[in-house]
Amino acid sequence: MGLDDLEEVLRDAAEQIEGEDGAWELVIDGVRMACLTDLDFDRMRVIAPIVEDDEITDAQRREMLEANFHTALDARYATSEGVLYAAFIHPLSPLTEDELRSALEQIVNLVDSFGTTYSGGTLVFGVAPGEGGQPN
């Protein structure tokens, strides 16, 4: 995928979008996020802030780590500079439109499900957070 293709998908999916040349701020399903690219390294990332890191409990941290393994799917919970994000990071050139659309949906779901199901979507790989036990 190139920048023009990436921008086209983002513009189609977003309720609001600003930016150009590989850096956009957008809103999808009420969730504010950013898409950033680095052509030199053939990378892209979509991030959506959720909460300040110091507001997260130890139990929530454990749930997020479990979710990153079982229910977050291709997106992940991640922290940077004191903020918890839902994040999708991927090489840019092999990224497909379907993968990007799925990633955007997963980001929205991770933001919306933080503190409850910690889920990127309906698929559960292994066991759901909080259920313990061994993966399926």
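In this predicted model, β6 (83–91) gives the largest share of the lining of the largest pocket, namely 4 residues. At least two lining residues each come from β4 (43–52), β5 and β6, where strands are DSSP runs of E with at least two residues and helices are runs of H or I with at least four, both numbered from the N terminus. The lining consists of L36, R45, I47, A78, T79, S80, E81, V83, Y85, A87 and I89. A pocket here is an open set of points on a 1 Å grid over the protein atoms alone, where a 1.4 Å probe fits and protein lies on both sides within 12 Å along at least five of seven lines, and lining residues have an atom within 4 Å of a point. The largest pocket holds about 150 Å³ of space, the volume being that filled by probe spheres set on grid points joined across faces, edges and corners. By class, its lining has 7 nonpolar, 2 polar and 2 charged residues, with Ala, Val, Leu, Ile, Met, Phe, Trp, Tyr, Cys and Pro counted as nonpolar, Asp, Glu, Lys and Arg as charged, and the others, Gly among them, as polar.

E81, one of the lining residues, has a positive phi although it is not a glycine, and D21 likewise has a positive phi without being a glycine. Most residues other than glycine have a negative phi. The table sets out the two residues, with exposed meaning over 50% relative accessible area, buried under 20% and partly exposed in between (1.4 Å probe, protein chains only).

Along the sequence, the protein chain follows the pattern α-β-β-β-β-α-β-β-α, which comes to 3 helices and 6 strands. Of its 136 residues, 42% count as buried. Among contacts (heavy atoms within 4.5 Å) between residues at least 6 apart in sequence, 57% join residues at least 24 apart. The accessible surface of the protein chain, from the Shrake-Rupley method with a 1.4 Å probe, comes to about 7,700 Å², of which 46% belongs to carbon and sulfur atoms.

Residues are numbered from 1 along each chain as its sequence is written, and side-chain values use heavy atoms, with hydrogens and water left out. Because the model is predicted, local features need pLDDT of at least 70 and side-chain atom pairs count only at pLDDT 80 or more, whereas totals for chains, interfaces and linings use all residues.
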